Structures are given as structure tokens and as C-alpha cells.
Amino acid sequence: MDSSNYILSLADQCVKCGLCLPQCPTYALKANENESPRGRIALIQGWLSGQLEPSEILTQHLDQCLLCRRCERLCPSQVAYGEIMDQSKALLAKETKTTFSLQSLISSLSLKLLLSKKLSGAFISILRLFQKTRLIQLVASTGLFKLLGLQRLMSYLPELNKAIKTKHFYPASTSSKGNIALFTGCISKQLDAKTVTASINLLNRLGYGVYVPEQQVCCGAMHLHKGQKNEASQFASKNIDVFNQLDNITAVVSLVNGCTLQLREYPQLETSKQFTPEVEDIIEFLGEADWPTDIEFTPLDKKVALQIPCSLQNSLRAEDKLMTLLQRIPDMSLSPDTIHNKCCGAAGTYFLRFPQISDQLKAAAIHTLTKSSPELIISSNIGCALQLKAGLNQQNTNIPVIHPVLLLEQQLKTH
Ligand code: SF4
Ligand code: SF4
């Protein structure tokens, strides 16, 4: 079956009941059928059956989807919305010529910068030096970032610490339950090194040896969501080779919810290779793990709010594992009104491409998360955490946003 017919076969599962509409963030903001899951599926059906031209406006309606997959989770007909969108964008990119615009050039340069380990490493090192010496304010005041279209990206930059250089292998601290390999994602080592270290420490304490293969590359999700299926397949192929070489591991454990989903959906990229070990999110892995009784946590004497990323909730469907994990910390109290479980508007590079929609969703998330005046916000996806930090900074609110694994490690009792 060719791609068109394959996509149509998936799209035809939609019975147009409309139950997904009230749950779709873009439909809630725009009140426009074309900005709803049902509307986007109908646009794809119209285009692939020859009734609609693959126009710029059609592309824009598809691009403005956050790919949060809330619709997919709630659909009674189990329409594979995420796959329909990924396959359609790849086909659309093939069939349409991209018209040049400064915005698309900046967006693709930003993507290259974010996703190339070498480029982002060098860029972040320079920025860290600029931050330390306060040169960054000076450069910002010249308007250079604005001129280069980097102003928004720069406003998302957290305080930069030195990136960690990981070892190839970290042996288990106690009797070994086996080995796992860690997928860190493109930016965690640079922007959230503490969570990488905390994950290794916790896994070692649980009895797992941890490999962190240096040759791992970007998961490819952002490329796929932009219709660049070939690039995404190349990343998939490289990662599969890198992790399959470690023949004594029981799982590939991924630190970033969005990356976990992409690694797990590599079979949709039609690469001839597959991961030999299971792919698990760190939240799933730790949530299901058998914890030795000598691992204890100190009570948390703080008011906490929780953001549940879309990838964890709607695709991995592992929010219960997150709750199980957090409940290991004594006195952790989370009432439903301190939890935000809708899209925060980060959505990969969406926050750069559609700032207006992204900002509206960010404001709603910040409103829910801060209304009980928490001292700490928990988020398990680095993209969401950066989005929330940017929103809090804009309000001059200094609430730390922390990964649940880092929180667990900080609460660990040392005997
Ligand atoms: S995607 Fe699912 S919930 Fe939405 S209209 Fe189609 S069948 Fe109904
Ligand atoms: S993935 Fe999210 S934004 Fe896109 S149509 Fe579904 S609910 Fe709406």
C-alpha cells in the first residue's frame, strides 16, 4: 500500500463524532473546525482523495497542531492521530515546495542548533561564558538577538551550568539486577545535568549498572514533526546501532518523555532495524521497579505543584507511574487543583514557530500551577520545564521547576 492509501486507511477510522473537539487546545483557542482533530483529519482526507490542493493554508492548519495527542487518547474509535499527522507531514513536505521566508530559515537554523550535539555544546559554552561575565545583557541591549531572530530562544535560556561529561559505564552500587542504557536526549546534559546525574545515581542504588553511550544522537522527533522523515530515519538507524551494540542490557531507559515516545515509535519510520532491548521511560522504569527496603526518603516539607507532560499522559499513558513514584516521598501532597495536565505550549519547537498560541497555553499552565503558591513545580519533560521557567521568569516569579527523579534523589536518605 502506498503512503497516501495507508494514511487514508488510518484517517477513515474517524467516524467524525466530534468527541475530541472540546479537549483540543487549538480548537479551544480558535473555535475553528480546521484547528480541531476532526477538521485536520477531514483536510487530510480531502487532500489525499484529490478534492483539495496541498496549499499553504492546509499546511498551516496541520502545522498548528501541537501533536499533544490528547485527541488520540480520548478517541473512542482509537484513531491513530499521531501517526496520521507524522505520515501526512512527511508526504506534504515531499509534494509542496517550501517558500523561502526569514522565519522558516531562523526556525530551521534554531532546530539545527538545538539538535546538533557539537553545535549546541559550543553555542551553550559561549553563552555560559557570556552569562557569567554578564556580557549577555550587553549583547541583548544592542538588539543583536532580535536582529538574528534569536530573542525568543534566548528568553528561554535557563542559568547555564557546566555540561557533564558522562562515563561509558556506571556499575551498580549494590548487588546487580542487570544493566540498562540511558538515552539522555539532545539537551539534558547541557541544560539539566543534575537530572542526568540523579538518574544514574538512583539506578545504581536500585542495583542497575548504567551505560551512557557517547555515540547516541537526537531521537529525531522534531525532524519527524516537521515532515523530515528521512532525517528522522537516519537518527533512528544510528541510535538502534549504538544501543543494540550493548548486548548485555535489559532496557534502553530514556530521560525525556517526548524522546521515549519517538524511540518507541521507530517502527513507524520503516527502518529495517529494531531495538533489541525494550524502550522504557525513566518514569515507567522507576515506577515499576522493585525498590530495596533500605532506600528511604526524607519527608518533603514543601508545597508542590505538578505539570504532567502530554507525552507522558496521552502517549506513554504513564501518569499513574509518576504518581506511584512521587508517593515514595513521605508527606508529598498533591491535590487535583495543583496539577496541570493540559498542553503547556512548548511542544518541541512549537514555542518558536507559533509564539502566540504557545504563550496563551503557557499562561494557562502557569495560572493553574501557581494559584496555590507552591514552593516547587515538578515536570518530567525538559521542554515543558523550560517553557514553565520562561513563563515564571516573565512574571518575576522564582519557583524552581524540577524533574521528579532529581527530587527523589534530593530526598534520598543517606544512612
Ligand atoms: S478523531 Fe476520534 S473522537 Fe475525534 S471525531 Fe474522529 S472518531 Fe471522533
Ligand atoms: S494533537 Fe492536540 S492540538 Fe493536535 S488536534 Fe489533537 S488535541 Fe488538538
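Ala, Val, Leu, Ile, Met, Phe, Trp, Tyr, Cys and Pro count as nonpolar, Asp, Glu, Lys and Arg as charged, and the others, Gly among them, as polar. This is a predicted model, in which local features need pLDDT of at least 70, side-chain atom pairs count only at pLDDT 80 or more, and totals for chains, interfaces and linings use all residues. Residues are numbered from 1 along each chain as its sequence is written, ligands are numbered from 1 in the order in which they are written, and side-chain values use heavy atoms, without hydrogens and water.

**Exercise 1.** Sort the residues of the shell around ligand 2 by class.

Solution. List the residues with a heavy atom within 4 Å of the ligand. They are Cys 24, Pro 25, Thr 26, Pro 37, Arg 40, Cys 65, Leu 66, Leu 67, Cys 68, Arg 69, Cys 71 and Tyr 81. Now sort: nine are nonpolar, one is polar and two are charged.

**Exercise 2.** Decide how much of helix 13 is buried.

Solution. Buried means under 20% relative accessible area (1.4 Å probe, protein chains only). Ten of the 14 residues qualify. Among them are Ala 193, Ile 200 and Leu 203.

Conventions:
Buried < 20%, exposed > 50% of the residue type's maximum accessible area, 1.4 Å probe, protein only. Helix = DSSP H or I, 4+ residues; strand = E, 2+ residues; numbered from the N terminus.
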